[in-house]
Amino acid sequence: MGEPDAPGRAGAGTDTMGEPLTETPTQPDELPDAMAPELLPADPADAPPDVAPAPPERRRGIRFNWITGTLVLSGLALLVGFLIVNLILMPSLTRQGAEVRVPEVVGLSEREAERLLAAEDLKLSKISEQWSPDVPRGFITAQEPSAGGVVKRGRRISVVVSLGAQGTTVPLLDGVTARQAEIQLEGAGLKIGRIARAYSDQVGKDLVIASDPPGETMVEQETAVDVLVSMGPTPRSFVLPRLAGRDAVSSARGLRDQGFYVALRESDRPGERSGAIVTQEPPAGRRVAPRDSIVLFYQP
């Protein structure tokens with residue numbers, strides 16, 4: 001038993017059934033002439049060696065990672081701290097620690113003293129006020145520490161401010177007489193000043209209406225107090241009528257009842273009945289007031 005022929009192989013033979021096989025002409029394995037050489041199967045020996053792709057080019061520059069960030073932040077923190085200490089804290093500490101000589105402020109007004117102390121970076125502190133006959137009101141009478149002492153800048157300088165001469169209160173003088181007012185003023189360390197007079201319908205005659213300064217006012221001792229004294233109610237005035245021909249006695253009685261001073265004088269002018277008024281002084285039409293004098297001339 002022979003081996004079967006290989007497919008495509010020309011030659012006689014038998015099949016599996018034992019019948020002779022007819023040889024079939026086959027086309028030789030040739031490449032068409034039209035096929036380009038480049039399409040031919042490449043020889044592995046002639047193929048260029050495989051080249052690995054070049055790695056991507058790495059970006060140049062500073063690589064920021066957590067280490068770099070930490071270092072940068074630390075550096076910034078140190079820089080900020082340095083600036084705060086040198087520009088803010090140190091100048092303040094240095095200035096507070098500096099010393100300055102205390103200026104003289106006694107005898108100055110409170111405002112002047114405050115301005116002078118501020119120029120030395122010191123502060124004024126008014127601790128009290130006292131009466132002082134020698135130092136005007138509002139001026140410094142004492143200071144602590146004393147002038148010339150050395151203190152740190154920013155310290156408070158305590159001062160005492162004058163209230164002027166020791167004061168007293170003006171007594172209430174309304175309704176007392178001028179003499180009583182003078183006595184009360186002397187008792188309070190004051191003295192009476194000018195005495196003016198005026199009519200008053202509310203305050204009786206010769207009584208004090210008001211004072212200047214008014215009562216209960218705080219003033220310096222030996223201050224003069226002016227008083228206003230009442231002259232009584234405002235007098236009424238009348239227009240004197242013509243009295244010629246009227247009875248002299250009855251007319252004089254009526255005028256006296258109104259508060260006038262009336263005098264009767266005999267007249268030497270003839271022609272009027274006896275006891276009748278001949279003429280008068282002041283004449284008729286003149287304005288008169290109670291306590292004025294009126295003279296009636298009558299026919300005896």
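**Grounds for the descriptions**

Analyst: F238 has a relative accessible area of 28%, and is therefore partly exposed. The model is a predicted one.

User: Why is F238 called partly exposed rather than buried or exposed?

Analyst: Buried requires under 20% relative accessible area and exposed requires over 50%, with partly exposed in between. The 28% of F238 falls in that middle range, so the residue is partly exposed.

User: Is F260 buried or exposed, and how do you know?

Analyst: The relative accessible area of F260 is 6%. This is under 20%, so F260 is buried, whereas F238 is partly exposed.

User: How do you know that S162 is buried, and what does it touch?

Analyst: S162 has 1% relative accessibility, which is under the 20% limit, and therefore counts as buried. Its place is in strand β7 (residues 156-162). Not counting residues up to four places away in sequence, S162 touches Q130, S132, V135, P136, R137, G138, F139 and T141.

User: Which residues other than glycine have a positive phi, and why are they called exposed?

Analyst: Among them are E216, with phi near 70°, and E222, with phi also near 70°. E216 lies in the loop between β10 and β11 (218-220), and E222 in the loop between β11 and β12. Exposed requires over 50%; E216 is at 61% relative accessibility, so it counts as exposed. E222, at 56%, therefore counts as exposed too.

User: Why are β9 and β10 described as standing at the edges of their sheet?

Analyst: Three strands form an open sheet in the order β9-β12-β10, with mixed pairing. β9 (191-198) and β10 (208-212) each have a single partner strand, so one side of each is left without a neighbour in the sheet. The twist averages 25° from one strand to the next.

User: Which residues have the most contacts inside the largest nonpolar core?

Analyst: They are L173, L190, V208 and V225, in a core of 13 residues. The elements that give two or more residues to this core are α3 and β12. A second, separate core has 12 residues, including L122, L124, I140 and I157.

User: With which residues is V208 in contact?

Analyst: Leaving aside neighbours within four places in sequence, V208 is in contact with L173, D174, G175, V176, T177, A178, A181, V203, V227, L228 and V229.

User: Where are the cis peptide bonds joining E144 to P145 and E281 to P282?

Analyst: The bond between E144 and P145 has omega of about 5°, and P145 is in the loop between β5 (140-144) and β6 (150-152). For the bond from E281 to P282, omega is near 5°; P282 is in the loop between β15 (277-281) and β16 (287-288).

User: What can be said of the protein chain in total, and how many helices and strands are there?

Analyst: The protein chain has four helices and 17 strands. Buried residues make up 23% of its 300 residues. The chain exposes about 22100 Å², of which carbon and sulfur atoms supply 54%.

Conventions
Residues numbered from 1 in each chain as written. Predicted model: local features only at pLDDT ≥ 70, side-chain atom pairs only at ≥ 80, totals over all residues. Heavy atoms only, no water. Pairing = 2+ DSSP bridges. Axes fitted to C-alpha atoms, helices over the stretch in contact; angles between N-to-C directions. Buried < 20%, exposed > 50% of the residue type's maximum accessible area, 1.4 Å probe, protein only. Areas by Shrake-Rupley, 256 points an atom, 1.4 Å probe, with all protein chains shown as cover. Core = buried A, V, L, I, M, F, W, Y, C linked by side-chain atoms within 4.5 Å. Contact = heavy atoms within 4.5 Å.
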